[in-house]
Amino acid sequence: MSWGTELWDQFDNLEKHTQWGIDILEKYIKFVKERTEIELSYAKQLRNLSKKYQPKKNSKEEEEYKYTACKAFLSTLNEMNDYAGQHEVISENMTSQITVDLMRYVQELKQERKSNFHDGRKAQQHIETCWKQLESSKRRFERDCKEADRAQQYFEKMDADINVTKADVEKARQQAQLRHQLAEDSKADYSSILQRFNQEQWEYYHTHIPTIFQKIQEMEERRIVRIGESMKTYAEVDRQVIPIIGKCLDGIVKAAESIDQKNDSQLVVEAYKSGFEPPGDIEFEDYTQPMKRTVSENSLSSSKEGKAELKFGGKSRGKLWPFIKKNKSPKQQKEPLSHRFNEFMTSKPKIHCFRSLKRGGATPEDFSNLPPEQRRKKLQQKVDDLNKEIQKEMDQRDAITKMKDVYLKNPQMGDPASLDHKLAEATQNIEKLRLETQKFEAWLAEVEGRLPARSEQARRQSGMYDGQTHPTVTNCAQDRESPDGSYTEEQSQESELKVLATDFDDEFDDEEPLPAIGTCKALYTFEGQNEGTISVVEGETLSVIEEDKGDGWTRIRRSEDEEGYVPTSYVEVYLDKNAKGAKTYI
């Protein structure tokens, strides 16, 4: 089957058909392009959806994702993000492998079609020109034959007429011969042109047109094959991402299977456990006898002697926190339980204890306003954060040290002395962070029960000393903490807090000043912001009244009325007992 032989006379129809084929190809290209736009739009919407439900940083939502169900949901969001990426891959592959390729092929196809039909029209014009020449020679031959016939008839008529002169007869004879010769020449020319036209026509219908139509047929068949291959590629692009999409879905299933309800329940316990013991039994109050209730460890209030010794986690197990009310006087008459309950329900907002007021903030630095278990978690988190910051500063210091070594070996690269300030600053930052870490580790050790009471270091770092001798100055944060982490000390006791502050200050006023055991020189400036510390200026000389006992602090005095603790690494100490070679702490 060949278009050249079967469709030799359908030039115009073939031209229309090939144009229709190109239009079909362009329509398919448009279809694929719109599919890629849909895939991109779908991928963008999936990414926006995943981003919308991602937990916000440094927010409460981020804390919720410690539960396995929330982690599974987060994994689902991440898998959906990867799922969206596969749709972007589909769009990219369809664009590169189908759309771009077919658009280039369409341009080549149009150019080839134009060239083939241009050759066909050129062949048509040539055969039409030959036909016109044939018609012209035919008409000329016909005209010459008719004129030769008329000239012959005229000659015969003149020759038969006796009245015509001989000269006229001769003239008519010569004219007849001339016309006859012209007719013979026209005949020969017509015959020659006819033969040439027949040859051209045979070549046109049996050589030129079949060749051109064969090229057009091959072009059209290539177009059909190309659109079929593009459709296969269209399906293959989708099939290539199916395994990856399957992995995304498998990841979602795996995340769902990782949900552990028991673990989530344990996390709820860790998140909200207060660490308090349940309240003990309430003793029976006998109103039939005019006598006071027996004071015991499980009663609603504690005696003056018992309260001075109670610490958190000790024998406070029997307290019923909502009903505690501290006695202002040992002789104060106890009120009925119903009166205290009514007073608790109608009480005004509570204030913090004296320790929090001394620091001047609503949230104590040692998190003493929280229940024990929550406080332990906060302190542990703070210690971990500080250790990370220390490691970061140490890495920075090591980098500066290496750079300084490079400068020492290659002075042309830089001045080593220019890094001394940065190196000293990094060392100072590390020391500050270490002191801060020691402070929080001391509080953490106290909460976890590793220390029976707050050490000297922890007391002066926190800015609050726990009174061991005065029964009125106890661990007020612990005595006033309730199971929900709030304080139940009532605002009406503000006057009592002032008395506590006076007693607290008197505890140090009564102490005799310690003798100086040496001197020290400040290496760095230190701003003592916590209670019990003292500010020093770089280069200042002060008296040493208590050397470092291994906790990183040295007690110094500027004058008789101004003394406190400074970090040992911030001063250079000279003790009197070692006059020749002063013992130095750096």
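Q: Why is threonine 18 called buried?
A: Threonine 18 has a relative accessible area of 1%. Buried means under 20%, exposed over 50% and partly exposed in between, with a 1.4 Å probe and protein chains only, so threonine 18 counts as buried.

This is a predicted model, in which local features need pLDDT of at least 70 and side-chain atom pairs count only at pLDDT 80 or more, while totals for chains, interfaces and linings use all residues. Residues are numbered from 1 along each chain as its sequence is written, and side-chain values use heavy atoms, leaving out hydrogens and water.

Q: What makes the link between the side chains of threonine 18 and arginine 113 a polar contact?
A: The two side chains are joined at 2.8 Å. A polar contact is a pair of N or O atoms within 3.5 Å; within protein, one must be able to donate a hydrogen and the other to accept it, and residues adjacent in sequence count only if both atoms are side-chain atoms.

Q: Which residues is threonine 18 in contact with, leaving aside its neighbours within four places in sequence?
A: They are Arg113, Phe117, Ile216, Met219 and Glu220; contact means heavy atoms within 4.5 Å.

Q: Where is threonine 18 placed?
A: Threonine 18 is in helix H2, residues 11-52. Helices (H or I, at least four residues) are DSSP runs, numbered from the N terminus.

Q: Which element has the highest mean pLDDT?
A: H2 has the highest, 94, and helix H13 (residues 476-479) the lowest, 37. pLDDT is the predictor's confidence in each residue, from 0 to 100.

Technical notes. Helix = DSSP H or I, 4+ residues; strand = E, 2+ residues; numbered from the N terminus.
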